[in-house]
Amino acid sequence: MAADKFALEGLNKGIQAELAAYVFYNKCIKIIADEQLKATLRTLAFEEKEHYRILEGQYDSLVRSEMWVTYNDILKRPGLPDIDEKMEGVHNDLIDRVSESSTPRQVFEIALILEERAKNLYSDLAKKTTDPKGRETYEYLVKFESSHIAKINRLMEGVK
């Protein structure tokens with residue numbers, strides 16, 4: 001029996017969302033001058049990379065064993081796939097909007113869109129996923145994306 005097509009498609013969409021956010025934050029780090037903002041962007045990029053690793057691990061597990069595993073078990077696995085330079089060429093119109101002339105406010109507005117898209121995707125997948133471990137993974141990611149949204153909203157208040 002092949003892995004559940006819906007599950008694999010959902011994980012793939014999540015992987016693409018995390019890659020886009022990771023690439024976006026790294027691009028912003030290169031063009032933003034403010035060191036405090038860069039530190040926040042580095043934290044966000046690191047967290048997106050961890051989300052990517054969770055989703056890649058789930059995808060791998062479903063393809064190999066047709067079973068979901070807990071996200072904690074995935075993060076303990078050695079040799080998880082990482083984001084390499086080739087993946088930094090991920091195309092997304094929102095990423096392409098950022099340039100050296102972008103203001104912190106513009107960066108936050110784009111970040112908010114990316115994070116809200118990911119949160120909505122994971123929320124929808126959590127509702128539709130029947131496996132408890134799969135649902136747990138998506139609910140975990142919904143909480144994380146919600147915390148990113150809250151963090152970005154706080155940062156936006158500081159640049160009004």
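## Helices α5 and α6

Helix α5 passes helix α6 in a left-handed crossing. This is a predicted model. The two helices pack at an angle of about 160 degrees. Their axes lie 8 Å apart. Angles over 145 degrees count as roughly antiparallel, and α5 and α6 are therefore roughly antiparallel to each other.

What kinds of residue make up the contact of α5 with α6? Its residues divide into 14 nonpolar, four polar and eight charged.

## The chain as a whole

The chain holds six helices and zero strands. Read along the sequence, its pattern is α-α-α-α-α-α. The chain has 160 residues, and 46% of them count as buried.

Contacts can also be sorted by separation in sequence. Take those in the chain between residues at least 6 apart. Of these, 74% join residues at least 24 apart.

## Helices α1 and α5

Helix α1 covers residues 5–31, and helix α5 covers residues 104–128. Their axes come within 10 Å and cross at roughly 165 degrees. That makes α1 roughly antiparallel to α5. The crossing of α1 and α5 is left-handed.

Which residues of α1 and α5 make the contact? On the α1 side they are Phe-6, Gly-10, Lys-13, Gly-14, Ala-17, Glu-18, Ala-21, Phe-24, Tyr-25 and Cys-28. On the α5 side they are Val-107, Ile-110, Ala-111, Leu-114, Glu-115, Ala-118, Leu-121, Tyr-122, Leu-125 and Lys-128. The residues of this contact of α1 with α5 divide into 14 nonpolar, two polar and four charged.

## Helices α2 and α6

Helix α2 runs over residues 35–65 and helix α6 over residues 132–157. The axes of α2 and α6 come within 12 Å. They cross at roughly 165 degrees. The two helices are therefore roughly antiparallel to each other. α2 passes α6 in a left-handed crossing.

From α2, the contact uses Thr-40, Thr-43, Leu-44, Glu-47, Glu-48, His-51, Ile-54, Leu-55 and Gln-58. From α6, it uses Lys-133, Thr-137, Tyr-138, Tyr-140, Leu-141, Phe-144, Glu-145, His-148, Lys-151, Ile-152 and Leu-155. The residues of the contact of α2 with α6 divide into nine nonpolar, six polar and five charged.

## Aromatic pairs

How many aromatic pairs does the structure hold? There are four. Tyr-140 and Phe-144 form an edge-to-face pair, because their ring planes stand at 70 degrees, with the centres 5.5 Å apart. The cut-off for edge-to-face is over 60 degrees.

Both Tyr-140 and Phe-144 lie in helix α6. They are four residues apart, about one turn of the helix. Is Phe-144 buried, exposed or partly exposed? Phe-144 is partly exposed, with a relative accessible area of 23%. Elsewhere, ring pairs link Trp-68, Tyr-122 and Tyr-138 into a cluster.

## Val-159, after α6

Val-159 is found in the segment after α6.

What does Val-159 touch, leaving aside its neighbours within four places in sequence? Val-159 is in contact with Pro-104, Arg-105 and Phe-108. Val-159 and Phe-108 stand 51 residues apart along the chain. Their C-alpha atoms are separated by 9.6 Å.

Where is Glu-66 placed? Glu-66 sits in the loop between α2 and α3, the latter being residues 71–76. Glu-66 is not a glycine, although it has a positive phi of about 60 degrees. Its relative accessibility is 38%, so Glu-66 counts as partly exposed.

Lys-5 lies in helix α1. Lys-5 is exposed, with a relative accessible area of 60%. Lys-5 and Leu-62 are 57 residues apart along the chain, and their C-alpha atoms are separated by 10.0 Å.

Definitions and conventions:
Residues numbered from 1 in each chain as written. Predicted model: local features only at pLDDT ≥ 70, side-chain atom pairs only at ≥ 80, totals over all residues. Heavy atoms only, no water. Axes fitted to C-alpha atoms, helices over the stretch in contact; angles between N-to-C directions. Parallel < 35°, antiparallel > 145°, perpendicular 65-115°, else oblique. Left-handed = near helix turned anticlockwise from the far one by under 90°. Contact = heavy atoms within 4.5 Å. Nonpolar A, V, L, I, M, F, W, Y, C, P; charged D, E, K, R; others polar. Phe/Tyr/Trp six-rings, centres within 6.5 Å; stacked < 30°, edge-to-face > 60°. Buried < 20%, exposed > 50% of the residue type's maximum accessible area, 1.4 Å probe, protein only.
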